[in-house]
Amino acid sequence: MFQKGRQMDYIDKVVKHKIQSLAYGDILEKEISDITELYIKSIHRILEGKTVSTKNLSNSFKRRIKEILLNYAVTVTFAATQLSAEIIEKEKVWLSTVIGEALNISFRFPDSAEVMLNNIPFAGMSSVNDMGTTLANQIGNYTNALIENAYITGNDLDSLIEEGNTRLDTVRNYVKNNSRVIGENLSGSYERIIYTKNAGKVKSYIWLAILDSNTCLGCAELDHQIFNDISKVPIYPLHL
């Protein structure tokens, strides 16, 4: 059993770790947002100074933009995978030094980032690749509409881009919402996978909610609830 002072110190470290894990979503959001804006600008540069006056020219633009979007999907996927690898290493350190030392146990870890990625229950996504593909499709729909409008109306590019910015808001909102969910889920998913791999070493699990204005009712109600089986612990975030 913990002595009272040591227990409070341990719980304090757990809460700080949970707060830190929320930052993974913000890190991924910023990175994917920056990548997205760069690719949108590169597409606009293709169209600058051009008049989409013929169907052949329209198709030529679409082919060039499709190549850019294929690279974009790969870049987004790579960025998310890189963050995944970083989180894996941080979770290994966290579980080994804080929990491992506190409970006097030695954890076993999955071999690679690929193993971890294949077992992550992303919210509404089968894999991190879906985010890159979905974003590429959304930007593709936006640019196709831009090109078609230019071909049909003959409006200048600046006015078309201004009109189309509401379409881009959909892309930006997707980046914001989904990258945060993925980033925040990574830490919890890795912990769950590692705990499962070490079944029997940890006897019970306690749900600790960060009780502030951002805490959903589901998480708040579970605060300090004890689970004897990792499979019975709800997968968070609960509010999705």
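The chain exposes about 13,400 Å², and carbon and sulfur atoms supply 51% of that area. Accessible areas here come from the Shrake-Rupley method with a 1.4 Å probe, and for residues only the protein chains shown count as cover. This is a predicted model: local features need pLDDT of at least 70, side-chain atom pairs count only at pLDDT 80 or more, and totals for chains, interfaces and linings use all residues. Residues are numbered from 1 along each chain as its sequence is written, and side-chain values use heavy atoms, with hydrogens and water left out.

Of the 240 residues in the chain, 42% are buried. Buried means under 20% relative accessible area, exposed means over 50%, and partly exposed is in between, with a 1.4 Å probe and protein chains only.

Now the fold. There are six helices and two strands, and from the N terminus on they run α-α-α-α-α-β-α-β. Helices (H or I, at least four residues) and strands (E, at least two) are DSSP runs, numbered from the N terminus. As for contacts, meaning heavy atoms within 4.5 Å, take those in the chain with a separation of 6 or more: residues 24 or more positions apart account for 77% of them.

Next, aromatic rings. Rings of Phe, Tyr and Trp (its six-membered ring) pair if their centres lie within 6.5 Å; planes under 30 degrees apart count as stacked, over 60 as edge-to-face and the rest as tilted. By this rule the chain has one aromatic pair. The partners are tyrosine 39 and tyrosine 72, edge-to-face, at 5.1 Å centre to centre with 65° between the planes. This pair links distant parts of the chain, with tyrosine 39 in helix 1 (residues 4-47) and tyrosine 72 in helix 2 (residues 55-103), 33 residues apart. Both tyrosine 39 and tyrosine 72 are buried.

Staying in helix 1, we come to serine 42. Serine 42 counts as buried because its relative accessibility is 17%. A polar atom of the serine 42 side chain lies 2.6 Å from the backbone oxygen of tyrosine 39. For reference, a polar contact is a pair of N or O atoms within 3.5 Å; within protein, one must be able to donate a hydrogen and the other to accept it, and residues adjacent in sequence count only if both atoms are side-chain atoms.

What does the side chain of threonine 143 reach at 3.1 Å? The backbone oxygen of glycine 140. Threonine 143 sits in helix 4 (residues 129-153) and is buried, since its relative accessible area is 1%. Not counting residues up to four places away in sequence, threonine 143 touches Ile43 and Ile65.

Ile65 and Gly140 bring us to the second largest pocket, as both are in its lining. The other lining residues include Lys62, Lys66, Leu69, Leu70, Ala73, Thr133 and Asn144. Helix 2 and helix 4 are the elements that give two or more residues to this lining, and helix 2 gives the most, with six residues. The volume of the second largest pocket is about 200 Å³. On a 1 Å grid over the protein atoms alone, a pocket is an open set of points with protein on both sides within 12 Å along at least five of seven lines, and lining residues have an atom within 4 Å of a point. Grid points are joined across faces, edges and corners, and the volume is the space filled by probe spheres set on the points.

Also in helix 2 is asparagine 59, partly exposed because its relative accessible area is 30%.

Threonine 215 is in the loop between strand 1 (205-206) and helix 6 (217-221). Its relative accessible area is 22%, so threonine 215 is partly exposed. Leaving aside neighbours within four places in sequence, threonine 215 is in contact with Ala209, Ile210 and Ala220.

Most residues other than glycine have a negative phi. Histidine 224 counts as partly exposed because its relative accessibility is 43%.

Aspartate 229 lies in the segment after strand 2 and is partly exposed, at 35% relative accessibility. From C-alpha to C-alpha, aspartate 229 and tyrosine 205 are 7.4 Å apart in space, and they are 24 residues apart in sequence.

Conventions
On a 1 Å grid over the protein atoms alone, a cavity is a set of points where a 1.4 Å probe fits but cannot get out, and a pocket is an open set with protein on both sides within 12 Å along at least five of seven lines; lining residues have an atom within 4 Å of a point.
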